Amino acid sequence: MTDILFDKTAHASVKMQRISPRKARLVADLIRNKSVTSALVILKTTNKKACEIILKLLNSAIANATNNAGLDATKLFVSKILVNDGPTLKRFQPHSKGRAYAILKRTSHFYIEVSELPISEGDK
């Protein structure tokens, strides 16, 4: 049985983005385990608010991989992408009969990791 080893990885993250994690995960699921070139095309053609955030983050991860880790940009793929809950901003609006109506403004933390194509143990 051969194990798959990841040679090198590079990552990028951003915190406190004003988008609901549930909405952002819809876009994150589109590019998970895709090559970087196809992920860029998907993000540029999808009409969602989270695409702009994830596109900037993916470009940052690619730059980190090429400049800091010395990886080849053409062989990269999205190995991990996480969208976690950030702190919820609680706002209140007046409602009927003198009550207060809570408005929850949710935030998200994004983390993306890119790796080169996996190398099987038998190839080494």
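Buried means under 20% relative accessible area, exposed means over 50%, and partly exposed lies in between (1.4 Å probe, protein chains only). Helices (H or I, at least four residues) and strands (E, at least two) are DSSP runs, numbered from the N terminus. This is a predicted model: local features need pLDDT of at least 70, side-chain atom pairs count only at pLDDT 80 or more, and totals for chains, interfaces and linings use all residues. Residues are numbered from 1 along each chain as its sequence is written, and side-chain values use heavy atoms, with hydrogens and water left out.

**Strands S4 and S5**

Strand S4 (residues 89-94) is hardly covered, and the count of buried residues among its six residues is zero. Two strands pair if DSSP finds at least two bridges between them. S4 and S5 pair in the antiparallel sense, over six bridges, and Phe92 stands opposite Ala102 in S5. The two strands form a hairpin with five residues between them. In that turn, Lys97 has a positive phi of about 60°.

H3 has 19 residues and spans 28 Å from its first C-alpha to its last, close to the 27 Å expected; the expected span is 1.5 Å times one less than the number of residues. Its buried residues are Ala50, Cys51, Ile53, Ile54, Leu55, Leu57, Leu58, Ala61, Ile62 and Ala65. An α-helix has 3.6 residues a turn, so residues three or four places apart point the same way. The cover over the buried residues of H3 includes S2, H1, H2, S3 and S6.

A nonpolar core is a set of buried Ala, Val, Leu, Ile, Met, Phe, Trp, Tyr and Cys residues joined through side-chain atoms within 4.5 Å. The largest one has 29 residues, of which Leu43, Ile54, Leu58, Phe110, Ile112 and Val114 touch the most other members. Two or more residues each come from strand S2 (9-17), H1, helix H2 (36-45), helix H3 (49-67), S3 and S6. H3 gives the most, with 10 residues. In soluble globular proteins, nonpolar side chains tend to be buried together. Contact means heavy atoms within 4.5 Å. Not counting residues up to four places away in sequence, Leu43 touches Val27, Ile31, Cys51, Ile54, Leu55 and Leu58.

**Salt bridges**

A salt bridge is a side-chain nitrogen of Lys or Arg within 4 Å of a carboxyl oxygen of Asp or Glu. By this rule the count comes to two.

| Pair | N to O distance |
|---|---|
| Asp85 and Arg25 | 3.5 Å |
| Arg32 and Asp29 | 2.5 Å |

Asp85 in strand S3 (residues 76-85) and Arg25 in helix H1 (residues 21-31) are 60 residues apart, and the pair links distant parts of the chain. Asp85 counts as exposed at 54% relative accessibility, while Arg25 is partly exposed at 35%. In the other pair, Arg32 is partly exposed at 33% and Asp29 is partly exposed at 46%.

**Two loop residues**

Thr107 is in the loop between strand S5 (100-105) and strand S6 (108-116). At 3% relative accessibility, Thr107 is buried. A polar atom of its side chain lies 2.5 Å from the backbone oxygen of Pro87. Beyond four places in sequence, Thr107 touches residues including Met16, Pro21, Asp85 and Pro87.

Ser20 lies in the loop between S2 and H1. Its C-alpha atom is separated by 6.3 Å from that of Ser108, 88 residues apart along the chain. Leaving aside neighbours within four places in sequence, Ser20 is in contact with Arg106 and Ser108.

Notes
Polar contact = N/O pair within 3.5 Å; in protein donor to acceptor, adjacent residues only side chain to side chain.
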